[in-house]
Amino acid sequence: YSHCRYPHLRNQGNWIAEQRARRQIVAAITLGDLTDRNSPEEWAFFRDALSPIAQGFPLLLTTGNHDNGNDGTADNRESLLSNYFDENWAQSSGALRAVMTPGHIENAFYSLNAGRYRLGVLMLEWSPRRITVEWANQVLARFKDHRVIVATHAYVYEDSTRYDRATRPDQQWSPFNYRTAQGELAEDGTHDGEQLWNALVRRHPGIFMVVSGHVLGQGAERLTSRGDAGNAVHQVLVNYQMLDQGGLGYLRFFEIYPDGRTVHMKTYSPSLGLYSYAADQDVRLEIEPPL
């Protein structure tokens, strides 16, 4: 959307703003690749398009490979995100509780009021580094009273498995295929889906969902695994970029039922005014243990 200047992003922002009270929307979570080429023009477009929900509302941002490096190639970890959205901006939502790097929000933890429980959202950078995972473990230990959603760019692959370079070198678009995991940058460490599962996700009983993007194919894969404490962790891939005009404005929204036992994943395009009722786009998942 940012590269081609399509109106769908603004349509999404307007719809969320309009529906916020009626649907009790507590946050909007992005999954990276907010831009295509990490350029000032694209970042300005992204900022302006989401202006209806950019102040005083938890608009949660993190980076994808296209948000890093020269021309969005992820040849390094330099992103313009903080030039347009920084820690001070994120504080305006009232939900921000922790950042890994002062002034930056690629790695951040948010606490949302969801009634009788606190909902935490852990946002992790593209291809999380070793230091990032260490920080994330510390943050989740600090906020262990929260039920948590983890969001990062590349985690679930197109066949409903996790990215796993060790056993699946055939997987396309692996975080290890980019310069951010090669050469001198390799010393920082990187984590694909399986590594992130073992080093972070499975260890924390509060986590009940991981959401990611990045992958093509059907763009609607999912798997459920049990954490070390027996908690069900639903891992969901959401990506619509294969459709016309980069996605036709489709977004996924998650309705958590009042009993805290069910999350209903729905797919809707504010641009088209249409829901998708395909079997992989309209799904109910059981939350175990309940929220």
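**Cavity, pocket, buried charge**

Analyst: The largest cavity holds about 40 Å³. This is a predicted model. One cavity in the structure reaches 30 Å³ or more.

User: Which residues line the largest cavity?

Analyst: Its lining consists of A54, F57, L59, W89, A90, S92, S93 and Y110. Sort them by class next. Six are nonpolar, two are polar and none is charged.

User: Now an open site. What is the volume of the second largest pocket?

Analyst: The second largest pocket has a volume of about 240 Å³. It has 15 lining residues, and those closest to its centre are R77, H104, E106, E125 and R129.

User: How does the lining of the second largest pocket divide by class?

Analyst: Into seven polar, five charged and three nonpolar residues.

User: How should I read its burial and its charge partners?

Analyst: Check for a salt bridge, which needs a side-chain nitrogen of Lys or Arg within 4 Å of a carboxyl oxygen of Asp or Glu. D192 is buried yet has no salt bridge. R165 is the nearest side chain of opposite charge, 7.1 Å away.

User: Which backbone nitrogens lie 2.7 Å and 3.3 Å from a polar atom of the side chain of D192?

Analyst: Take them in turn. At 2.7 Å from such an atom of D192 is the backbone nitrogen of R165. At 3.3 Å is the backbone nitrogen of E194. For R165, then, keep backbone and side chain apart: its backbone nitrogen lies 2.7 Å from a polar side-chain atom of D192, while its side chain is 7.1 Å away.

Note on methods:
Residues are numbered from 1 along each chain as its sequence is written. This is a predicted model: local features need pLDDT of at least 70, side-chain atom pairs count only at pLDDT 80 or more; totals for chains, interfaces and linings use all residues. Side-chain values use heavy atoms; hydrogens and water are left out. On a 1 Å grid over the protein atoms alone, a cavity is a set of points where a 1.4 Å probe fits but cannot get out, and a pocket is an open set with protein on both sides within 12 Å along at least five of seven lines; lining residues have an atom within 4 Å of a point. Grid points are joined across faces, edges and corners, and a volume is the space filled by probe spheres set on the points. Ala, Val, Leu, Ile, Met, Phe, Trp, Tyr, Cys and Pro count as nonpolar, Asp, Glu, Lys and Arg as charged, and the others, Gly among them, as polar. Buried means under 20% relative accessible area, exposed over 50%, partly exposed in between (1.4 Å probe, protein chains only). Lys and Arg count as positive and Asp and Glu as negative; His and the chain ends are not counted. A polar contact is a pair of N or O atoms within 3.5 Å; within protein, one must be able to donate a hydrogen and the other to accept it, and residues adjacent in sequence count only if both atoms are side-chain atoms.
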